[in-house]
Amino acid sequence: MISFRTRLLFLALCLLSAAEAGATIPGLVIQSVKGDYDEVKERVVMAIESHGLVIDNTAHVGTMLERTGKDIGRERRIYLKAEVLEFCSAGLSRSTVEADPRNLVFCPYTIALYVLPAEPDRVYVSYRKPLTNAGARSMKALREVGKLLDEILRAALK
């Protein structure tokens with residue numbers, strides 16, 4: 001009999017293989033564009049701000065992974081650049097948590113940008129779809145968050 005841990009490891013490896021093969025990953029929206037990272041990031045920032053939103057934090061994930069990788073003996077470079085922009089909408093967030101207080105987990109909203117070493121001229125921009133099986137009010141509010149994230153991505157990559 002195969003253990004739960006072995007099944008979980010197999011599933012993780014399958015998802016990783018699918019991601020590396022360019023397959024879609026359920027729950028994620030990933031798009032890419034040829035271009036300069038800083039220019040694409042600026043377009044994403046402008047698209048966020050054009051909705052009247054403010055970026056609360058920029059997580060420098062690529063820098064952190066590179067720095068800590070050396071500390072743990074795992075020095076393979078994963079990204080040339082990688083950041084996660086965090087922001088929120090007072091109105092949408094309020095609707096989301098009023099529908100179900102557990103929806104707090106969806107705030108802040110995040111959009112990730114990264115460049116892979118094998119594709120230095122391609123910038124990936126992605127976000128997690130805010131999905132739930134909760135009640136109708138919750139699903140409606142989270143659909144609006146998803147719509148906002150999609151509008152930002154489309155505006156930034158057009």
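Tyr127 is buried, with a relative accessible area of 6% (buried is under 20%, exposed is over 50%, and partly exposed is in between, using a 1.4 Å probe and protein chains only). The model is predicted, so to speak of local features takes a pLDDT of at least 70, side-chain atom pairs count only at pLDDT 80 or more, and totals for chains, interfaces and linings use all residues. Residues are numbered from 1 along each chain as its sequence is written, and side-chain values use heavy atoms, with hydrogens and water left out.

Tyr127 sits in strand E5, residues 122–128 (strands are DSSP runs of E with at least two residues, helices are runs of H or I with at least four, and both are numbered from the N terminus). Setting aside neighbours within four places in sequence, Tyr127 is in contact with Gly27, Leu28, Val29, Thr110, Ile111, Gly146, Leu149, Asp150 and Leu153 (contact means heavy atoms within 4.5 Å). Leu85 is 42 residues away from Tyr127 in sequence, and their C-alpha atoms are 10.0 Å apart in space.

Next comes a pair of helices. Two packed helices are described by the angle between their axes and the distance between the axes. For H4 (residues 90–99) and H5 (residues 136–157), the axes come within 8 Å and cross at roughly 155° (axes are lines fitted to C-alpha atoms, for helices over the stretch in contact, with angles from 0 to 180 degrees between N-to-C directions). H4 and H5 are therefore roughly antiparallel to each other (over 145 degrees; under 35 is roughly parallel, 65 to 115 roughly perpendicular, and the rest oblique). On the H4 side, Leu92, Ser95, Thr96, Glu98 and Ala99 meet Arg137, Ser138, Ala141, Leu142, Glu144, Val145 and Leu148 of H5. Sorted by type, the residues of this contact come out as six nonpolar, three polar and three charged (Ala, Val, Leu, Ile, Met, Phe, Trp, Tyr, Cys and Pro count as nonpolar, Asp, Glu, Lys and Arg as charged, and the others, Gly among them, as polar).

Ser138, in helix H5, is buried at a relative accessible area of 1%. Beyond four places in sequence, Ser138 touches Ala99, Asp100, Asn103 and Thr132. Asn103 belongs to the loop between H4 and strand E4 (109–115), and this residue is buried too, at 4% relative accessibility. The side chains of Asn103 and Ser138 are joined by a polar contact of 2.5 Å (a pair of N or O atoms within 3.5 Å; within protein, one must be able to donate a hydrogen and the other to accept it, and residues adjacent in sequence count only if both atoms are side-chain atoms).
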